[in-house]
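Subject: Structure handover

Hello,

Here is the structure I promised to pass on. Please keep it open while you read my notes below.

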Amino acid sequence: MSILELRHVEKIYGERENQVNALKDISLQVEEGEFAAIVGTSGSGKSTLLNLIGGLDNPTKGEIFVKNREIGSLSRKELTIFRRRNIGFVFQNYSLMPVLNVYDNVALPVTFDRGKHINREYIEELLRELGIWEKRGKYPNELSGGQQQRVAIARALVNKPHMLLCDEPTGNLDSATTIEVMGLLKASSRKYKQTILMVTHNEAIAQTCDRVIRIEDGRIVTGKRRFPAKGGDDAC
Amino acid sequence: MRYYKSQTAAIFAGILLTASLLAGISSLIYSSQKSDLLNSKTIYGDWHYCAETDKEQFQKTQSGEKGEGYHLKRCGKMEIRDVAEEEFLIYFISTDETYRRMAHRDLLEGTYPRREDEIAADGFVLSNLGFSGNLGDSVHIGARDYTVTGVLKSEWAASAGEMEVFVSDSFAGRISQTFLYLGFDEDEKLYRQLDAFLREHRISSDAVEGNDEVTKYLAGEEPGSIYDIVKFGLTDEEGNFTYIVLKLQSDYNLAYNGMLVLLCLFSIFAVYSVFNISVAKRTSEYGILQTLGISGKQIGITLLLELWMLFIVGYPLGCLLGNGFLSLVYRSFGGVFGGKGAGVTGNGLSAADQTLAEGTNTLQFYLAWDAMIFGFVFLLAALAAVAFLVVRSLGKQTLKEVMGGDTSFTAKRKIYALHHVNMAGVVVRKFMFANKRKVIGILLSLALGGSIFLCTVYMVENLKVHAELSLKSDDGLGSEYRISLKSNSLKDTIPQAAGDKIKNMPETKNVYPTKFTLGEVTRIESLEEWDSFFDYQNADHYFVRRYGGICLRQEDGTYRIKYDVYGYEDGLIEQLNEFILEGDIDPAALKEGNKIIAVANMDGQGNYYFYGKKSGDMISLRVPKMDGYADELLKFQSGEENYIEKEFEIAAIVSRPLAREQGFLQEGFYKDSVMPGLIMTNEQMEENFGITDYSFINASPAEDAEAGKVSGQILQIIRDVPKAVLVDYSAAIRTQKNYLRQQQIFFSGIAIILLVISLFHIVNSMNHTILARRREYGIIRAMGITDIGFYKMILQTGILYGLLADAVIYYIYNLILRRAMDYYMAHILQFLHVQTGVPNRVLFGIMILNMVIAVAAVMFPARKLVRENIVSEITR
């Protein structure tokens, strides 16, 4: 069953002579539970695509359906709530709140839903699984890059989203940590039946995913390529 | 600078606003002082010193004379040619044009006398001499008749103590006393020029009298060294903190220079607080620079250059802005800053002239260049100190810590999400208090403007009360008309019948005839620290000759002290309630218990004292009997049969008398001082001492009465009373009230400008505080906070800042500033009865305004953030 569908999506930045066609006529379907990598060279439009899917940015043309809802038809408030409940983000630069410790960083998105109580057992489970339970009182600047990315993943998972959007989650990490983080994402995908879209420019990492979507100059250039999901620590 | 546009703009705005504040307020105070100087010149004469010289020197000295160390720009000449002492003491004076200009004795109508039997005089003198009002008619002075050729402008001095008639050069009198009125170059120190002038012409300094009210603005006396002033204040028995402040005020214009220093401190505070936020944002970049091998010193220089570049552009622009804005305000207020005389014009002479000095009405806005230059140098140096402090704080952290940015908040390890808590609120508080020192700095700078505003309002409120009380008591301007006697003998009185007639005139109201006698308070056991005060009085030749001294120690160790004793009308006694220091005032109770009201002594620092006595204590009072009275009795050394001695209970002690004598204890050096006295009702004066007639009468015209008619009628009534004169203070009262109104508006103006600029500063700081966290807010938005939720979160920040700033204002104002103001007003400005607080509506108004501004100041950038793309925000 398709969880995500893009129909003829275009994104244009700037005006007149400064216009940049970041995405051109993108149509795409992603199945539930799929772990897809979006690859392309720098400036090819892969992060733009991810931001449009996540509702962080609006397409100039076309429609984006997430869980069969066209997100362009939602009001700002509806879109924010929809995003909060259904989509988790992991950014390359982690984007953690520097003034909050690990635990509070992870719990923060839950508290935006009024009346929703913080499931502390779940947070503990997440942090333990990600191996950062012992670091729960630490602040981001006291953690290594890998640890910060784990916190970011935990925060992305805390609302149990249907879809996880990761923008170069291993871009700042060394190879050993990259393997760990990829393993965690895959394990999470399996455990919570989540769909993961991951932007990367690392071909080797992309090859470990279920599917690779290639973007060049704002267009998808190849079709589906299926690889068996290897998962675990032996990825790459 | 370019990359961190918002930070740079915030620092620039901070510099611009504080420079405009500093320059504007300094220029305003400077202009006001210049205006005060002009008005003092109008009132007291446009001259600096008066020297009595011999005839040769008198004729030799000319305007424009230059000598070693002095430039005598103007020299007015006045010669007393004769004195008539029949009914009034009248001086016949011959003057030159320069003197008349300096003394503001301009001709209002007619001409100056040319012949020996011609005179010109002001309306006050002429009306009391019985002049018809038609030029060319004659008046009788001494043994001769003189033709009046002209009417001159009156002297300002409300007492109009001496009568002067102007005669021509051909007037040959019996005496010749010559005076030079000296006006030196005001761009140089006056006291140095005077010394040089006296040295060159071998004139004794004893022969010189200064025009203190004018020269105090122009370095008329050599200032003491600050070290000596402070040392004396701290180490000498008679010295104290108040002495230091008063001396610094008189010698070094503390009000102006102190304000300048305060403004500089405020400026540096404001710039520092904005700069601190900006630097915190960039700390990690400085860390990266350090890893690249740049030294702390080079970072300091980079910082300093950045600050100085902004400062060099921002400061002059700020000065331009502040001065430009205030000069517009200055002009639009018109008469407000014009000072005492502004806005008052002569409205023709009534039968008894108006005591009047016309204002100059020239409103000029002066630029306080010295303040602007001082501010420039001070802030330039202070910014260097700021850069040094920042680099030093960077140096205290490890390179890793510096690269990690501001990490001071990591000390607290509490996990908030373990409990039921509003995490958005936690984030707000964490953002605010991540660095407590910084937040305290911001809050203090936010609160400073409001606090200064409250202080100014507090001062204005008390100034209002003080001004009203002072007008009634110190200036003697409680009533428009004063009928008094040009005499210093108790023999001369205004008959009760004359007083009653004036009382019964339908054109008058609030007629307060006052009885007076000179008394001696006996059996005072201790003078405490006031012995030196009385030593001065006892050394006064006039007092020794006339009263045998003021305070005399008796064989039994007690003291006898001369006192003015007044009998007031009930209405006037009730007005004393406003001056009460302790006890109760009720005319009926005074009469019933034969009690008395004592006016306390006040020292130069605003402390009141009445020999340790309280209300309810007894004092003994002796007064001379009027049967067989002779002035010799005023020495209180004649036989006991010549005096009446009685004991009185003190009903109350007050700070000031209202109607006051002129010519007894209020004489010579003490003419304008507030001398202590004892007050009872007129009935008590009669019952206790047999005094039935009055010594002076204060009256006001009824609402619809025509001024000229009223004074004419009063003059008619007192025509047969020997030595009685009428002085009309209407114009002086109007002028003084106008001046006081101007003072209030002036202070309020400063307060409002301060408030407006500090509000701008709040908006700037708050706006910057929010924008400095835009990446973090972007992350929160990406995490799924709704726009409403985001606004609520930012609103919390604004409310929190507003509340905290309000709390800081409240505590700073009540615990520190108000107490300092109380001290300043009571002891330095010597306000009467510092009691009036800031009205609650103003206090709450400021707090609400602060809150509204803080909320508005955060909501604007919040709106801006919401419109921004989340992705671009978090990738900053």
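Two strands count as paired if DSSP finds at least two bridges between them. Helices (H or I, at least four residues) and strands (E, at least two) are DSSP runs, numbered from the N terminus.

This is a predicted model, where local features need pLDDT of at least 70, side-chain atom pairs count only at pLDDT 80 or more, and totals for chains, interfaces and linings use all residues. Residues are numbered from 1 along each chain as its sequence is written, while chains are lettered from A and ligands numbered from 1 in the order in which they are written.

Sheets of chain A

Start with strands β1 (residues 2–13) and β4 (residues 61–66) of chain A. They pair in the antiparallel sense, over five bridges. Look for Arg7(A): its bridge partner in β4(A) is Glu63(A). Both strands belong to an open sheet of four strands in chain A, ordered β2-β1-β4-β5, with antiparallel pairing. At its edges are β2 (20–31) and β5 (69–70) of chain A, and each pairs on one side only.

Chain A also has an open sheet of six strands. Its order is β6-β7-β8-β3-β9-β10, and the pairing is mixed. The edges are β6 (87–90) and β10 (219–220) of chain A; each has a single partner strand, so one side of each has no neighbour in the sheet. Within this sheet, β7 (residues 163–167) and β8 (residues 195–200) of chain A pair in the parallel sense over five bridges. There, Leu165(A) has Leu197(A) in β8(A) as its bridge partner. Helix α5 (residues 145–157) of chain A packs on the sheet and touches β6 and β7 of chain A. Its direction makes about 170° with that of β6(A).

Helix pairs

Two packed helices are described by the angle between their axes and the distance between the axes. Axes are lines fitted to C-alpha atoms, for helices over the stretch in contact, and angles run from 0 to 180 degrees between N-to-C directions. Angles under 35 degrees count as roughly parallel, over 145 as roughly antiparallel, 65 to 115 as roughly perpendicular and the rest as oblique.

In chain A, the axes of α3 (residues 102–111) and α4 (residues 120–129) come within 11 Å and cross at roughly 125°. α3(A) is therefore oblique to α4(A). Tyr103(A), Val106(A) and Ala107(A) of α3(A) make the contact with Ile123(A), Leu126(A) and Leu127(A) of α4(A). (Residues are in contact if their C-beta atoms, placed from the backbone, lie within 7 Å.)

In chain B, the axes of α7 (residues 226–235) and α8 (residues 241–252) come within 7 Å and cross at roughly 160°. That makes α7(B) roughly antiparallel to α8(B). Ile229(B), Val230(B) and Gly233(B) in α7(B) meet residues of α8(B), including Phe241(B) and Leu248(B).

Between the chains, and chain B as a whole

How many residues of chain A are in contact with chain B? There are 30, and they meet 29 residues of chain B. α2 (76–86) and α3 of chain A each supply at least two residues of that side of chain A.

Chain B has 26 helices and 24 strands. Of its 876 residues, 45% are buried (20 or more other C-beta atoms within 10 Å of the residue's own, with C-beta atoms placed from the backbone; 12 or fewer is exposed, in between is partly exposed). Among contacts in chain B with a separation of 6 or more, 83% join residues 24 or more positions apart.

Best wishes

Key. Contact = placed C-beta atoms within 7 Å.
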